[in-house]
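Trainee: Could you take me through this structure? I would like to begin with the overall picture and then look at some details.

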Amino acid sequence: MKSMGTPPTNPDDNQNKRRFEGTGNDGNDEITHKRRKQDSEDSKDSPPVAPKDEDTLGVHITIDEEWFKDGITAEDKTAVKLHAPLVPGPAPSWQRMSSTCTCASVLFVIFLYSCINLVFPVPLDCISGKYGANNLLNPYFSIQTVPSLDHRDLTAFDDRVKELFEWKNKDSKDYMAPYFPLIQSSGTGKTKLMHEYKNMTNNTDAHVHVELILCQDGAGPGTSGASEGSIFSNTLDVSKFDAGESGQTGLCQWLDMFVPKEEKKVVLLFDESQHLMNKHDAWHFRCIRWWLRLPNRPEGVNVVSVFAGTTTRLANYYTEPKQSTSSRDAIMEYLGGDKLYPPFYQITTTGIVSRTDGTKFGRAGEHCEDWNRVVTEFDVAAQYGRPLLARLHLKGELMPALGSILLRIRGGESELSLRKSYSLLATRLQMGQVSFDVASELVASGYAHLTHFSPENNAVAEIAFLPDPVCAWLAMTQMIGDCRLFGTSNGVPANCSKPASFWSEKAIKIYSSALCRPGKGDVGEVAAAFYMLACADELRYTLNPDHLTQLSVPLEEWIARLLLQSKGDTKSVISVREPARAQVNFIQVCRDYLRHSVDEIQRSGLLRHWYLAGRASYVYASCVAYDILVPIQYNLNGAPHYCPMLVSVKNRVKYSENQRSAAIDAMKNVLSKAKITTGVCVLLLIGLEDTSHDEPSTLHFQVGEISTVVIVVPEEDDFGATKLALCSTCGGGEESEVMASHADLALGA
């Protein structure tokens with residue numbers, strides 16, 4: 001790790017060469033710091049040096065759409081930039097006048113937006129055939145109108161900020177600076193959380209003042225920080241502060257305007273902080289961090305900060321040396337130790353829109369006056385994922401942006417690498433954990449959700465793909481070979497959809513290359529879930545090939561396809577296509593580690609919630625009777641009801657009739673103890689050595705009965721699920737376990 005201690009210099013100035021090398025002997029006595037009125041130069045330590053451009057680390061990710069920054073997301077910012085010029089050293093921010101954009105800018109924006117809608121009209125429904133990659137979203141709905149977050153998120157965030165105020169008194173011996181990163185994937189509500197914290201604190205605590213600052217980089221994505229009605233107090237344009245003496249002086253003067261003269265606590269919330277990390281080894285970020293460590297604040301003034309973004313670099317970037325390397329103040333030490341405060345990532349906003357105003361548009365099949373059309377199952381499911389996408393859909397802004405979202409899931413326009421394939425597959429299947437680098441990349445530039453980060457060991461980060469029907473639906477379109485919904489969209493590769501067998505081969509390579517680490521026994525479950533999803537996708541596309549907005553498929557016909565030894569006519573199993581008595585609706589399988597019993601799931605309404613959200617769930621690892629729970633919807637007396645389908649997955653070479661009966665009975669006992677009288681028990685066998693003697697079965701769903709069926713996945717299924725389950729490099733099922741135990745078998749055990 002580089003030692004960053006000398007005063008900032010211009011990397012293009014050859015006269016400052018020795019400053020890069022850390023000598024600090026070439027002209028340092030001529031540097032005058034004008035950051036503060038107090039004359040206390042000797043007590044200040046030196047900020048980080050700016051390395052040469054060729055030393056810049058990392059690749060900057062500019063796409064970081066947040067939840068409603070006054071209605072302006074990252075996609076919006078590429079279309080419109082409202083300028084708010086920075087002047088170093090203005091009045092304190094709570095006394096400043098709001099800057100406004102010019103009339104000409106407003107008229108131009110309105111004209112541009114009108115022209116865009118003439119060329120790319122925003123469809124009001126989901127049945128317009130192809131979906132565009134238009135990334136110009138409506139920037140005119142406000143974050144102030146979005147329902148409040150869960151109070152637990154706000155309380156937890158408030159507690160973490162209060163801990164930072166202790167840094168000056170006792171934690172400075174251990175922790176480097178009074179800040180922590182707020183890291184989570186795009187669209188989860190980071191900006192909304194900081195906005196609510198700002199409003200709550202400024203309105204209830206006279207001793208604490210909070211500023212919400214938007215970071216941007218020149219002409220790139222950005223919005224007006226101080227315009228009237230904006231949620232941002234100010235905009236920090238890092239392009240105005242070049243790496244070097246003048247830039248460091250100007251940046252520190254700009255920061256000084258937030259320091260009050262009287263006794264007060266100040267919280268600076270920096271949003272879109274990835275822009276601080278983009279140039280010269282994160283020079284801007286490290287200068288702000290150095291400024292936070294200055295020891296000569298006015299008496300009683302305590303300044304702390306939070307840096308929000310999607311990149312984990314905010315949490316592990318540059319542990320600076322405690323001792324200064326500058327000759328001018330080499331005997332001085334920074335305030336602060338060498339530890340970093342852990343990041344805050346506990347944002348629990350998934351599905352929050354469905355609990356507020358997401359259901360006011362009615363059920364699928366009903367007419368919605370606001371949309372002037374019939375509500376589809378996709379409309380309903382979209383409200384159960386990340387709040388940004390849910391709110392955009394409610395406002396009619398999601399459809400033209402689906403192509404852009406798909407490109408983010410795919411990792412761009414280029415050919416699919418194993419990492420990009422993992423992003424698509426894991427969105428629907430939850431394949432397992434990946435390395436720190438891959439996890440960080442998927443949080444920063446994709447839609448993976450950060451669930452664990454270790455500041456002591458920056459090689460540990462865990463992710464999950466939470467229920468996200470929009471992303472799962474987009475991933476589904478890529479796994480249906482004949483699907484062409486995005487084949488002609490701008491930026492989306494032509495013929496981007498591939499058959500299920502292509503994706504099973506990708507999954508095998510992902511596991512065999514050790515890119516992904518599955519949990520014990522998970523590979524068989526993933527292969528089974530893949531097989532069930534592939535059969536449903538095939539049936540879904542057959543029923544509705546033009547738009548795929550009908551997510552549900554008839555239960556009995558779906559089971560029939562699962563039972564087939566090869567793709568073909570399902571009439572051999574179901575002779576008459578009568579109105580479906582029950583349906584399944586899932587397009588992704590998520591992990592549910594909560595140890596809810598089946599009756600708790602039934603009574604709490606989770607079955608309905610999961611069904612409408614288009615998801616099934618892997619159950620916790622130690623559940624003996626079943627591995628996957630799928631919600632079923634059936635009609636009774638004209639009203640929808642919900643019951644469970646328990647799926648027990650056995651990845652075995654052989655499985656006798658007695659074992660099959662015992663597995664079915666175990667699932668029936670679970671339902672019996674829960675006093676559930678309507679449900680389905682499925683035993684899914686994958687990887688059997690010989691399937692030629694297994695007779696095709698069938699399923700007849702009946703209200704008031706527990707229906708059962710045994711599904712044997714053929715050795716050469718058309719989707720490649722069996723190959724995935726038996727891949728020796730990613731868990732070989734029973735065959736691998738037998739090989740590991742052959743010493744005991746040789747003794748006749």
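Mentor: We shall go through the chain as a whole, then a strand, a helix and a pocket.
This is a predicted model, in which local features need pLDDT of at least 70 and side-chain atom pairs count only at pLDDT 80 or more, while totals for chains, interfaces and linings use all residues. Residues are numbered from 1 along each chain as its sequence is written, and side-chain values use heavy atoms, with hydrogens and water left out.

Trainee: How many helices and strands are there in the chain?

Mentor: The chain has 23 helices and 19 strands. Helices (H or I, at least four residues) and strands (E, at least two) are DSSP runs, numbered from the N terminus.

Trainee: And what share of the residues counts as buried?

Mentor: Of the 749 residues, 58% count as buried. Buried means under 20% relative accessible area, with a 1.4 Å probe and protein chains only.

Trainee: Let us turn to strand β2. Is β2 mostly covered or mostly uncovered?

Mentor: Strand β2, residues 208-216, is mostly covered, with nine of its nine residues buried. Val208, Val210, Leu212, Leu214 and Gln216 point one way, whereas His209, Glu211, Ile213 and Cys215 point the other way.

Trainee: Why do the side chains alternate?

Mentor: That is the pattern of a regular strand, where side chains alternate between the two faces of the sheet.

Trainee: Which strands pair with β2?

Mentor: Two strands pair if DSSP finds at least two bridges between them. β2 pairs in the parallel sense with β4 (residues 264-271) over seven bridges, and Glu211 has Leu268 as its bridge partner in β4. β2 also pairs in the parallel sense with β3 (residues 234-237), over four bridges; there, Leu214 has Thr235 as its partner.

Trainee: Now a helix. What span should α12 have?

Mentor: At 1.5 Å a residue, the twelve residues of α12 (residues 418-429) should span 16 Å, and the end C-alpha atoms are 15 Å apart, which agrees. The expected span is 1.5 Å times one less than the number of residues. Ten of the twelve residues of α12 are buried, including Tyr422 and Arg428.

Trainee: What follows α12?

Mentor: Gln430 follows α12, and its phi is positive, near 55°.

Trainee: Last topic: which residues line the largest pocket?

Mentor: There are 41 lining residues, and Leu466, Pro467, Arg591, Asp592 and Arg615 lie nearest the centre of the pocket. A pocket is an open set of points on a 1 Å grid over the protein atoms alone, where a 1.4 Å probe fits, with protein on both sides within 12 Å along at least five of seven lines; lining residues have an atom within 4 Å of a point. Helix α19 gives the most to this lining, with four residues.

Terms used
Buried < 20%, exposed > 50% of the residue type's maximum accessible area, 1.4 Å probe, protein only.
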